[in-house]
Each structure stands twice: as structure tokens, then as C-alpha cells.
Amino acid sequence: MDENNLLIKLEGVSFGYPGGKPVLKELFFELRAGEKIGLIGPNGSGKTTLFHLIMGLLRPLSGKIEIFRHPMKDEKDFRAVRQRIGLLFQDADDQLFSPTVLEDVAFGPLNQGKSVAEAKHIAKETLHSLGLEGFESRITHKLSGGEKKLVSLATVLAMKPEVLLLDEPTTGLDSETTERIIAILKEVDISYVFISHNMDFIAQTTDKIYGMMDGQIFLEEEKIPHTHAHAHGYGKVPHTHSYRNNAVRNLKKP
Amino acid sequence: MIEEGFVHGDSVIHRLDPRVRTVVAGAFSIVVATSDRFVALVPAVIVAVSFLLLARLSFRSVMPRLLMVNGLILLLWFFLPFTSEGEPLFTLGSLKGTMEGIMYSTTITVKSNTIIMTLMAFVATMPIFTLGRALRSLHMPHKIVHLISFAYRYIHVIHAEYGRMINAMKIRGFCPRNNLYTYKTYAYLVGMLLVKSYDRASRVRAAMLCRGFKGNFYDLSEFFMKTSDRLALVLLLLVTACIGLLQWTRIIY
């Protein structure tokens, strides 16, 4: 396989929290340019931990992490990488700490060394592209849950990342906000990985679905016939869904 | 949680540069706090009341805040008159109230009220984040400034967490009584809040690191000093200096 488009590579990575049992065991994972991956798995299977390892917020007990084809060894390596990978946190309140929306969105670009005027411009542009015009001077902690999520996404996109990692981007959002996020993700030309329990959302926004179980990652490609409950009519009539992957159950090793 | 009720006003003080307001409030408070002569304190009270009037804060919204402060000061009145050395003025059973004690309590009461009124007029009239920015541009230690900003930003989140936990207790039939079980439950609640806040702080820091945080914060909006701001600064500092002169020189005995 072509190694040039390899963005993220984890080789035999193991991790466990102090005093707990191992979370990741000899995990292998690759993300290539242009890939859009959905990551599913039970609670506590280590999905968020995986993201934090990629960002260098946690360090593996063993194994190798390579990002943009550079081996990651210390904080210095990760610091450079964080400018190019955007991580959207599960809880938007963790992400938005500045008084106003504009300041929060401009925070990333300013850390990238942009001037105040440039950062302001980028922030306004990003907000505009997400349909958040007029939000500039809104107070972050007074936004609604959906607005907070969209603004968090703006804070990450404003850094013009090459890779997006999204940790449950639709949890707790109504269908309208979820639709907006789907539209945004379809629009962006960035490789991304996200964690979600929302199968419809995953099916609409990803090319590949990986399952996480027992501290390892499995490709889940085969379609498994199954019964499911329906909210729409004609549920009893045999039918197909337009989604590329509509079934992810009984994860098995390939 | 924190309502910032005085922020949305329109007055000469509201229009004043936040840095001028912060400096004046600080200088005036220090002078008042270190004064103990009524010849300086009485004019100081008058000045503080006129600050409130200038800020056009309504009597009805100022009163509850003053009452809260004076509730605490009331406690001093129970002890100070009887514990200070001096000439006995009256007796209450075996307790002797002294003139010095009463004077001492009065000074503290006057000083506290003066300072609170000044802070209400100058500091409570700006959003807390603006206060943070003003302190930063006045070269206050960054750690203090960040503590203020983050505490204010996350006190709402922590308060919401507290509300959720209280509700979770209520729906399972918890009803506070004066017993060990109640105190224990509240101790768990406080403990959980501390742990959750700590976790929250780590996540916020992680999110900041992910966006390239290297220890610097940036200001997007610059303060702008107008001529009227400069004039006001000089004038208000002169007033403060006059109070200081009355206290420390013998112009008036």
C-alpha cells in the first residue's frame, strides 16, 4: 500500500489507566488521506482513550504512534501535530472557555501564530461557513446545547486541521442540529474519524466503520441481516436502506 | 448563578474606561481601608454614595447587597464593644461595653460600607470578563486574572452539576434532616463536586492543549482611553488623595 498518504498509524499500542485493567491491547489503526471512518463500540471500550493517545494527551504504555509519517516521542512532537489535527470533545463546555464566541474561535488561530486581525478574520469566516453569523459577541456559557456544539466545531475547524477527530458529535443533539453537522461534515474536505452511537449518522457520513472491542479495533464491513424496530411506515415489508452500511452487530475478528 | 445585574446600565460610570474604574476602585478602597479618623471617613461615605448616584444604580437593587454585608458586620457588634480595652461606657450583666469598642465597631462598619458601595459603582458595573481584561492590561499577575476568568466561566457549569445531583437525590426521596445521614450525604455531594470539578479542569486543559495552548492568552479587543477617561482618572484620584490627606495630615483636627 502507498505509504505517502498515511496520516495516522498506531502499531501495537497498549494502554491502561493506573490501577485499572488494560484499555487498549496491542491495537493497530491506520488513517489515510481522504478516509472517513466511523468508530463504534460499547461504553468503556477505549474509544475516547484512542483519541487522547493520538493527540498526545495520554502516552501509550507500549507500541508506536506515527502521525504524518513522523514517530511521536515526546510533548514537542505532539505539540506540532496538535496544530494539524482537530479534536472535538464530547462535552462542549470543556472546549469553550472564552467569554465570547469570537474569542474562543480565534484562540486556536492565535496559538498558531496568526495576528489578531488575521485570527479575527478566520474566526468570522469559519462562523459564517457554519451558518453562525451574528454569534461573534454571544457569551459562550449562555448558548444552548446545540449552539455550543456547533461553536465547538467552529473552534476546531478555524485551525484548518488536516484531520478531524470527533468524539460523539451528535450525542444529546436534536435532529435539526444533527442534520446541520452532517451537512457540515459532507462539505469539508478533511479526513476524519468519529465516535458515535448514532448509526444513521455514521451511515450518512462515513465510508468505513470500525468496531472497538476488548481493546482492539476491527473493520466491520460485512452486512449482517437483522431485524430492527422502525419509526417509519412499511417497516414490515422487506426493504433496503440507502446507507452504505446499515448493520453493525456481533463484532467479529476479520 | 452570578447575574451581573448592574452591568446593563447607562451612566457616566458605565461609559468610563474599565481600567480607570478598576484603578480608582482599588486606590479608593485601599485609602478607606487604612483610614481610621472620622474626619476622613465621613467625606469618604459621601463620596461613595455619590459614586452610586453617578452610576445610577437603583436604591432597591443596592440595598439587598448592603444588607448582606451588614449582616456579617452585625456579628462584630456582638463582640467588639465588650472585648476592647478602654473606658467602660455601659454594663450588660457582667459585661462591660467600652467607648473604644463602640468606636472601633463603627469605623469598621463605615469603612466596609464605603468600600462595598465604591465596588458596586465601579466594578459591579462591568462584566466579570471585562474586569479580567482590565486587570490583565494593568499588568496584574496573569495567574490571578486567569483564576477570575475561569472561576466565573465554570461556576455556571459546576452549579448546573450541583443542580443535577441535588435533583438526583430528591427524586430518590432524599429529604434533609438534622441527622448524621443527612450530613454524610451532603459530604458526598461536596466531595463529588470537587472530584467532578477537578476532572472538568483536566478536560478543559486538554481541550486547550489540543488547540495549541502554550500558556498565552490573547485579547481581541483593545481598550481605548478617551480624553474624558483621562480627566476622570485624574479627578477621581485627586478625590482619593484628599481623603488620604484628611486621614494622614492634621489639616483638620
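**Chain contacts, domains and local packing in a predicted model**

In this predicted model, 24 residues of chain A are in contact with 19 residues of chain B, two residues being in contact if their C-beta atoms, placed from the backbone, lie within 7 Å. On the side of chain A that touches chain B, the elements giving two or more residues are α3 (92-95), α4 (101-111) and α5 (116-129) of chain A. Of these, α4(A) supplies the largest share, seven residues. Helices (H or I, at least four residues) and strands (E, at least two) are DSSP runs, numbered from the N terminus. By class, this side of chain A comprises 12 nonpolar, seven polar and five charged residues; Ala, Val, Leu, Ile, Met, Phe, Trp, Tyr, Cys and Pro count as nonpolar, Asp, Glu, Lys and Arg as charged, and the others, Gly among them, as polar.

Residues are numbered from 1 along each chain as its sequence is written, and chains are lettered from A and ligands numbered from 1 in the order in which they are written. Local features need pLDDT of at least 70 and side-chain atom pairs count only at pLDDT 80 or more, whereas totals for chains, interfaces and linings use all residues.

Chain A is assigned domain 1 (1-84 + 163-224) and domain 2 (94-160), with bounds that come from an automatic or database domain assignment. The centres of the two domains, taken over C-alpha atoms, are separated by 24 Å. Contacts link 10 residues of domain 1 of chain A with nine residues of domain 2 of chain A. On the domain 1 side, the largest share, four residues, comes from helix α7 (residues 175-187) of chain A. That side has five nonpolar, three polar and two charged residues.

Strand β9 (residues 208-213) of chain A runs parallel to strand β3 (residues 36-40) of chain A, to which four bridges join it. Four bridges also join β9(A) to strand β10 (residues 216-219) of chain A, here in an antiparallel arrangement. Strands pair if DSSP finds at least two bridges between them. In β9(A), A:G211 is the bridge partner of A:I40, and A:G211 is also partnered by A:F218 in β10(A). β9(A) and β10(A) form a hairpin with two residues between them, and A:D214 in the turn has a positive phi of about 50°.

In chain B, the axes of helix α6 (residues 128-137) and helix α7 (residues 142-171) come within 9 Å and cross at roughly 170°. Axes are lines fitted to C-alpha atoms, for helices over the stretch in contact, and angles run from 0 to 180 degrees between N-to-C directions. α6(B) and α7(B) are therefore roughly antiparallel, the term for angles over 145 degrees.

Conventions:
Angles under 35 degrees count as roughly parallel, over 145 as roughly antiparallel, 65 to 115 as roughly perpendicular and the rest as oblique.
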